[in-house]
Amino acid sequence: MAYVLVSVSDRVATITLNDPARRNAINLVLNDELVVAIDDIEARDDVGAIVLTGAPPAFCAGADLEDLKNSRHRDSLGKIYAGFLRLAHTLLPTVAAANGAAVGAGMNLALACDVILAARSARFGTRFLQSGIHPRGGHTWRLRRITDQQTVTAMVLFGGTVDGEGAADIGLAWRCVDDDALLAAATTMAARAASFPRELTRRTKATILQLDVIDSSEDAVAHELDPQAWSMDQPAFIELVTKMQQQISRDNR
């Protein structure tokens, strides 16, 4: 593929946006390649999580402006959203390793992941209004889900930007790490999720994604009951609990 690289190690697929000359701006070809890459990753038995990053010096500088100008109708706009929505809708755990500018549609790509790790050099900005365009692709909803209304307003309406440390301070990123440690930290985090039984992580992620509809303790218990019962019927449950019991027994000797 021309704009997307995929490598697999320790059950983690690392997707690298690879158009550094244009700071990994999202064009229609990159979108198509990202969809294909995630389709292929989901079909593999040896992958349990995804890390998304960009070829330096940027994570993703937003949408290709020429493609954007030519996508002014509802049907065309759907093609602009295709890549990050495919990422947002996968049930594999996903980590964004934001290693530089994550702007506009590039910030959407980061927000599409379950967890964002930010390099100190990362820069997050919406820049939709600065481009004369209304926020798109569910941007305000995704940002509001993990931050607060004041942050959304400051970044979207007032053009505020934050660096890696600032992103961690406001909850936009899980944490900020040194640039040279970013990819290793993201891969280690993803590998932990990938080490669990794959179908169990998928079902657990689905449970988490549906939490917005839960508004009572009783509903919360009911929401988790069936998937928990399913998990306790799986061979992995007996295997892992037995290992824990053996470890406890050894520790108590």
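What follows is a walk through the sheets, helix packing and a few individual residues of this structure.

The model is predicted, so local features are described at pLDDT of at least 70 and side-chain atom pairs at pLDDT 80 or more, while totals for chains, interfaces and linings use all residues. Residues are numbered from 1 along each chain as its sequence is written, and side-chain values use heavy atoms, leaving out hydrogens and water.

The six-stranded sheet comes up first. Helices (H or I, at least four residues) and strands (E, at least two) are DSSP runs, numbered from the N terminus, and two strands pair if DSSP finds at least two bridges between them. On that basis, 6 strands make an open sheet in the order β1-β2-β3-β4-β6-β9, and the pairing is mixed. The edges are taken by β1 (4-9) and β9 (175-177); each has a single partner strand, so one side of each has no neighbour in the sheet. On average, and ignoring direction, neighbouring strands here are turned by 25° against each other. Axes are lines fitted to C-alpha atoms, for helices over the stretch in contact, and angles run from 0 to 180 degrees between N-to-C directions. Helix α1 (residues 28-42) packs on this sheet and touches β1, β2 (12-17) and β3 (49-54), where contact means heavy atoms within 4.5 Å. The direction of α1 makes about 20° with that of β1.

Within the sheet, β2 and β3 run parallel and are joined by 6 bridges; T14 has V51 in β3 as its bridge partner. How many residues of β3 are buried? The count is 6 of 6, so to speak a mostly covered strand, with buried meaning under 20% relative accessible area, exposed over 50% and partly exposed in between (1.4 Å probe, protein chains only). In a regular strand the side chains alternate between the two faces of the sheet. Both faces of β3 are covered, with A49, V51 and T53 buried on one side and I50, L52 and G54 buried on the other.

Further along, β4 (residues 94-98) is joined to β6 by 4 bridges, and the two run parallel. A98 pairs up with A118 of β6 as its bridge partner. V115 sits in β6. Its contacts, leaving aside neighbours within four places in sequence, are T94, V95, A96, W174 and M189. By contrast, A154 is 39 residues apart from V115 along the chain, and their C-alpha atoms are separated by 22 Å.

A second open sheet has 3 strands in the order β5-β7-β8, again with mixed pairing. Its edge strands, β5 (101-103) and β8 (162-163), each pair on one side only. Strand β7 (residues 123-125) runs antiparallel to β8 through 2 bridges, and R123 stands opposite D163 in β8.

Next come the helix pairs. Two packed helices are described by the angle between their axes and the distance between the axes. Helix α5 (residues 139-146) packs against helix α6 (residues 149-156) at about 140°, with the axes 8 Å apart. That angle makes α5 oblique to α6; angles under 35 degrees count as roughly parallel, over 145 as roughly antiparallel, 65 to 115 as roughly perpendicular and the rest as oblique. On the α5 side the contact uses H139, T140, L143 and R144, which meet Q149, V152, M155 and V156 of α6. These residues divide into 4 nonpolar, 3 polar and 1 charged, where Ala, Val, Leu, Ile, Met, Phe, Trp, Tyr, Cys and Pro count as nonpolar, Asp, Glu, Lys and Arg as charged, and the others, Gly among them, as polar.

Helix α9 (residues 198-209) and α10 pack at about 180°, their axes 11 Å apart, and are therefore roughly antiparallel. E199, L200, R203 and T207 of α9 meet H223, E224, P227, W230 and S231 of α10. By class, this contact has 3 nonpolar, 3 polar and 3 charged residues. H223 lies in α10 (residues 217-232) and, at 18% relative accessibility, counts as buried. Not counting residues up to four places away in sequence, H223 touches T207, Q210, L211 and I214.
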